[in-house]
Amino acid sequence: MPKHTTADRRLLQLALDLGTLDEALEAAAAAADGIDVIEAGTLLCVAEGMHAVKALRRMHPDRIIVADIRIARAGRNLAAMAFDAGADWVSAVGEAPTETLASASRIARDRGGELQVELPERWDDALARAWLDMGIRHAIVHCTAEVHAIGSGWTAATVSTIDRLARMGFIVTAAGGIDAATLPGLLATPAKVFVAGRSIVKASDPRAEARRMCTLLA
């Protein structure tokens, strides 16, 4: 199965929102045995550019690499830069103009990768269907505040959103405050990819923490 698709099992994604490439490479190396997807976070991409994506691709050729650059404009050019640097998945914001998302999606298709859309606060089925018509299959749902406040699981509204997107045919990535304590409460949703950052990077044993979370997804 190509790396840019998801397997039948759920995937654990490591978010590297760090300020330097050295920090990111160290964190990725420490946890690589227990993760499926490595994300060059927005902060890292701003600080280090596509050098970060290239380095992660070089160091982890068997992992899915995400460039979380949150495209809002210049979709064709930014997507090309990220995919050419070695990304398998590249993010865009749902508020981006239709032509931006369409051009980025075409580049994703041409490069054999996937464009991910971060769900905006206001969206509807018509907008989501338009993304599907562009060839966009990945949607990212954020819920940091809810996860921390509730302690396990997300609000009924957010769970409904994930269910709705999955029924439409999206591969849903869940992100925000996820750790080994909150993850079990999220497994009732049809999300396919679960993003963890600080909970792994700042753990006393990142490899063990990643493996612990990966086991929960099995």
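Which backbone oxygen does the side chain of Arg57 reach at 3.0 Å? The side chain of Arg57 reaches the backbone oxygen of Gly86 at that distance. This is a predicted model, in which local features need pLDDT of at least 70 and side-chain atom pairs count only at pLDDT 80 or more, while totals for chains, interfaces and linings use all residues. Residues are numbered from 1 along each chain as its sequence is written, and side-chain values use heavy atoms, with hydrogens and water left out. Helices (H or I, at least four residues) and strands (E, at least two) are DSSP runs numbered from the N terminus.

**Arg57**

- Arg57 sits in helix H3, residues 50–59.
- Arg57 counts as buried because its relative accessibility is 17%; buried means under 20% relative accessible area, exposed over 50%, and partly exposed in between (1.4 Å probe, protein chains only).
- The Arg57 side chain also reaches the backbone oxygen of Arg63, at 3.1 Å.
- A polar contact is a pair of N or O atoms within 3.5 Å; within protein, one must be able to donate a hydrogen and the other to accept it, and residues adjacent in sequence count only if both atoms are side-chain atoms.

**Aromatic rings**

- A search of the whole structure finds one aromatic pair.
- Trp131 and Phe170 form this pair, which is edge-to-face, with 6.5 Å from centre to centre and 80 degrees between the planes.
- The pair links distant parts of the chain, 39 residues apart: Trp131 is in helix H6 (residues 125–133), and Phe170 is in the loop between helix H8 (156–168) and strand S7 (171–175).
- Rings of Phe, Tyr and Trp (its six-membered ring) pair if their centres lie within 6.5 Å; planes under 30 degrees apart count as stacked, over 60 as edge-to-face and the rest as tilted.
- Both Trp131 and Phe170 are buried.
- Arg164 lies over the face of Trp123, 4.1 Å from the ring centre; a charge sits over a ring if NZ of Lys or CZ of Arg is within 6 Å of the ring centre and within 35 degrees of the ring normal.

**Helix H8**

- The 13 residues of H8 should span 18 Å at 1.5 Å a residue, and its end C-alpha atoms are 18 Å apart, which agrees; the expected span is 1.5 Å times one less than the number of residues.
- Thr158, Thr161, Ile162 and Leu165 are the buried residues named for H8.
- These residues are on the same side of H8 because they cover an arc of only 95 degrees around the axis, the arc being that of the directions from the helix axis to the C-beta atoms.
- Ala156 and Arg167 are exposed, on the face of H8 turned away from its buried side.

- Arg70 is not a glycine, yet it has a positive phi of about 50 degrees.
- Arg70 lies in strand S3 (residues 64–71) and is partly exposed, with a relative accessible area of 35%.
- Ala74, also a residue other than glycine, has a positive phi near 50 degrees.
- Ala74 is in the loop between S3 and helix H4 (75–84) and counts as partly exposed at 43% relative accessibility.

**Cysteines**

- The count comes to zero disulfides, a disulfide being a pair of cysteine sulfur atoms within 2.5 Å.
- Cys45 counts as buried at 8% relative accessibility, whereas Cys214 counts as partly exposed at 22%.
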